[in-house]
Amino acid sequence: MSTIVLHVNEDSGSGSWASSPGNRKSMQGNRSRDTKPELAVRSAVHRRGIRFRVSARPQPELPRTADLVLRKSRIAVFVDGCYWHGCPEHHTQPVTNSEYWADKIARNIQRDAETTDYLRKTGWTVLRFWEHEDPESVADRVQESVLAAVSRTERVEATASTSPPHAVQGGDPSSQRRVAKP
Ligand SMILES: [Zn+2]
């Protein structure tokens, strides 16, 4: 799994959600983006031959990072932390300073919605998952979106030229790899 790491740290100064979720944990040396569920999702997606950038901005003018960015397919994947993004199953009210934290989480949720909205308007497919979801099924859904994006592109190409569409299934690793580079 060591080949995954395209560790782009271009958003370190944004001060957005990347720095807010799990501040205490990040004090122990890991950024919140490198949580275990995120890593598991990255590996599972990577194993399907899909290449992506990690913690990158889908739209440069929007200071929000997606956990996985598939530029060619225009797919942005977010793995939202259950606590900080208000997962209905796992979010619990903290006992102390509950108002402060509730407000913070409410703002995160609102920001998530704004981000999704903006990216969809700019032509992105936005996939949001909870960190508690099974990484394999998350990866399956990412793969479905990639295949859908490929067939969309091919339909456009088919109308633009008479050349037959090439095979979609499984993708072409060499062309996928190009996507991974900036
Ligand atoms: Zn959850």
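Of the 182 residues in the chain of this predicted model, 25% count as buried.

**First stop: the nonpolar core**

Select Leu68, Ala76, Val77 and Val142. These are the residues with the most contacts inside the largest nonpolar core, which has 23 residues. Next, colour the elements that build this core. Helix 2, strand 1 (53-56), strand 2 (66-70), strand 3 (75-80), strand 4 (125-130) and helix 4 each supply at least two of its residues. Which element provides the largest share of this core? Strand 3 does, with five residues.

Now centre the view on alanine 76, one of the residues with the most contacts inside the core. Leaving aside residues up to four places away in sequence, alanine 76 touches Pro58, Ala66, Val69, Leu119, Trp124 and Val126. Displaying the side chains of these residues shows the surroundings of alanine 76.

**Second stop: helix 2 and helix 4**

Two packed helices are described by the angle between their axes and the distance between the axes. Helix 2 passes helix 4 in a right-handed crossing.

Which residues of the two helices meet? On helix 2, select Ala40, Val41, Ala44 and Val45; on helix 4, select Pro135, Glu136, Val138, Ala139 and Val142. The residues of this contact divide into eight nonpolar, no polar and one charged. Val142 also belongs to the residues with the most contacts inside the largest nonpolar core.

Finally, select arginine 107, which lies in helix 3 (residues 98-121). Is arginine 107 buried or exposed? Arginine 107 has 12 other C-beta atoms within 10 Å. A residue with 12 or fewer counts as exposed, so arginine 107 is exposed.

Arginine 107 and tryptophan 84 are 23 residues apart along the chain, and their C-alpha atoms are separated by 9.7 Å.

Methods: Residues are numbered from 1 along each chain as its sequence is written. This is a predicted model: local features need pLDDT of at least 70, side-chain atom pairs count only at pLDDT 80 or more; totals for chains, interfaces and linings use all residues. A crossing is left-handed if the near helix is turned anticlockwise from the far one by less than a right angle, and right-handed if clockwise. Helices (H or I, at least four residues) and strands (E, at least two) are DSSP runs, numbered from the N terminus. Two residues are in contact if their C-beta atoms, placed from the backbone, lie within 7 Å. Ala, Val, Leu, Ile, Met, Phe, Trp, Tyr, Cys and Pro count as nonpolar, Asp, Glu, Lys and Arg as charged, and the others, Gly among them, as polar. A nonpolar core is a set of buried Ala, Val, Leu, Ile, Met, Phe, Trp, Tyr and Cys residues joined through C-beta atoms within 7 Å. A residue is buried if 20 or more other C-beta atoms lie within 10 Å of its own, exposed if 12 or fewer, and partly exposed in between; C-beta atoms are placed from the backbone.
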